[in-house]
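Take a look at the model below.

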Amino acid sequence: MRVPTMRTVRGLLRTTTGRVGTGVALAALASAALASCDKHVSPVESLPVAPAASLDANAGAWRMLVLTGPDQMPVAAPDPVGSAAYAAQLDSVRQVQAGVTDADRRAVAYWDAGGVLRWNEIERELTARFNLPPAPGAAGTYPIPSAANPFGYPQFPFANPPYAARAYSYVAVAQYEALKAAWFAKFRYGRAAPGVVDAKVGDAAVAAGAARPSALPAYPSEAAVLAGVSSEMLKLLFPAAVDDIAARAAEEQRAALVAGTATPSDLAAGTALGRAVAATVIARAKADGMGQAVGTPALWQALTDSATARGEVAWVSQEAPARPPMLPNFGSVKAWTLTSAQVDSLLPPAPPSASSPQMAADLAEVKRTVANLTRNQLAVAQRWNDGAGTYTPPGHWNEIAAAYVSGARMSEVRAARTFALLNMAMHDAAVGCWRVKYRYVTPRPAQLDPSIKTVIGLPNFPSYPSGHSTFSAAAAEVLGHVFPSAATTFEQQADEAGISRLYGGIHYRTDITNGKLHGQRIGAAVVRLAQGDGAEHE
């Protein structure tokens with residue numbers, strides 16, 4: 001059986017969450033989703049295979065984000081092409097190609113579409129698989145997933161939107177750093193791919209369904225770099241899927257042998273480099289504050305007490321039994337492109353008071369809209385639902401980006417840059433958005449007016465500002481910069497994502513408007529970084 005796709009699980013959401021958010025509905029969702037899948041990560045996208053438009057030979061000089069430089073993890077010089085040691089390497093490639101199986105051919109076709117794209121697809125599927133909120137226990141309390149016991153119930157992680165935003169960013173940044181370091185070594189040593197050195201190896205690769213190896217130097221192998229860095233990062237973030245992740249890494253490396261793009265020594269050097277870079281990025285992850293994001297019951301109560309002391313109506317969980325708030329300390333997690341003070345400087349203004357005329361008008365608009373939804377508005381609400389069992393809003397934007405990256409025929413290192421910029425922006429958007437959400441703990445429309453019947457799942461965290469609007473505006477800013485001809489399309493998609501939350505009955509217009517402005521400011525900060533990273537002057 002396959003992992004349910006985003007569309008499949010959205011269907012489950014629609015059939016199990018009427019009024020949304022009750023413990024019973026979520027338990028039913030979890031059971032239905034888990035019953036429809038097994039332990040394996042299943043690709044759902046068909047991607048075209050085309051040679052990269054550019055080798056990006058100078059990528060080793062592009063600005064680093066975590067590493068101090070491209071040679072922080074030195075890569076030893078390889079054996080020369082004319083040496084006896086290299087001849088033995090070629091012979092081992094020929095032996096692998098002599099025993100090609102149908103599974104090998106499928107793997108070559110899969111990975112030839114691009115390792116960065118495929119690992120992003122795999123991560124999105126992992127996110128959907130683990131994006132299931134725990135059901136309540138017999139005592140009416142909710143267990144918290146534990147990284148120390150990832151295979152227990154509930155499995156770790158609960159890949160909710162802020163967790164997912166952080167996960168996508170760490171994988172993308174690690175891949176980008178590792179590939180820049182790999183490009184530095186590739187063009188220092190210039191050792192050609194085995195399919196270029198030996199025409200018979202190239203012919204056998206084509207016979208197995210691979211594209212003929214390009215002029216990109218083979219040492220260290222970019223496939224092995226990606227397999228090494230991606231698998232290490234994903235094992236940290238999704239430890240209950242460790243076997244599946246390792247299997248995909250091994251598959252990518254064998255596909256490189258069959259495709260004639262790497263020898264065993266190319267793979268060994270790439271794996272070592274990828275893992276070394278991952279270790280450095282993981283050290284950052286372990287110190288970024290995520291370990292305190294869940295908070296404590298005392299903190300949860302203090303949030304309510306603070307709002308009450310200000311004379312406001314505090315957000316409370318609308319589930320039965322009440323669920324603890326989602327990651328109330330995520331706003332203190334370290335951002336990628338902003339200091340904590342800079343995060344504060346970009347925050348939107350305070351929301352309207354629950355007793356204000358503005359809130360009354362906003363609330364009336366939500367009620368009126370939901371009561372008179374058109375077929376198209378309902379479709380928009382469902383298209384951007386991105387709730388439990390899906391890739392999450394950040395994953396939705398990764399899915400959008402993937403089509404443009406593939407169509408642009410980017411090199412692996414440039415594709416990694418695009419995903420790194422996109423996901424750093426959405427991670428920083430999550431940090432800023434969650435900081436505001438738990439500063440004001442604004443109640444959702446259905447809390448202020450229980451007669452409002454939402455048509456999509458009701459998130460278990462405060463209303464202001466809209467996370468969809470913040471994520472989407474930040475994403476649209478970055479993607480519009482990378483793909484300027486599609487900038488208007490991205491902005492329209494971001495606007496649709498934002499208004500979908502009003503159609504769904506879970507956000508006020510002020511949440512959407514101020515969330516969009518907030519996300520645009522964060523996205524602009526990432527664009528400024530991109531403009532100075534050296535990659536745009538090739």
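Predicted model: local features only at pLDDT ≥ 70, side-chain atom pairs only at ≥ 80, totals over all residues.

The expected span of a helix is 1.5 Å times one less than its number of residues. H6 covers residues 161-189, 29 residues in total, so its span should be 42 Å. Its end C-alpha atoms lie 42 Å apart, in agreement.

H6 is mostly covered, with 25 of its 29 residues buried. Asn160 caps the N-terminal end: a side-chain oxygen sits 3.1 Å from the backbone nitrogen of Tyr163. Just after H6, Gly190 adopts a positive phi of about 65 degrees.

Now the charged pairs. The model has 24 salt bridges. In one of them, Asp56 pairs with Arg414, and the closest N and O atoms are 3.0 Å apart. Asp56 lies in the loop between helices H2 and H3, and Arg414 in helix H17, so the bridge ties together parts 358 residues apart in sequence. Asp56 is buried at 4% relative accessible area. Arg414 is buried too, at 17%.

H17 also holds Arg417. Arg417 bridges to Glu536, with the closest N and O atoms 2.9 Å apart. Glu536 is in the segment after helix H21, so this pair joins parts 119 residues apart in sequence. Arg417 is buried at 3%, whereas Glu536 is partly exposed at 33%. Elsewhere, salt bridges with shared partners link Asp91, Arg94 and Asp198 into one network.

A local case sits in helix H9. Lys235 and Glu232 are three residues apart there, about one helical turn. Their closest N and O atoms are 3.7 Å apart. Lys235 is partly exposed at 25% relative accessibility, and Glu232 is partly exposed at 25%.

How values were computed
Residues numbered from 1 in each chain as written. Heavy atoms only, no water. Helix = DSSP H or I, 4+ residues; strand = E, 2+ residues; numbered from the N terminus. Buried < 20%, exposed > 50% of the residue type's maximum accessible area, 1.4 Å probe, protein only. Polar contact = N/O pair within 3.5 Å; in protein donor to acceptor, adjacent residues only side chain to side chain. Salt bridge = Lys/Arg side-chain N within 4 Å of Asp/Glu carboxyl O.
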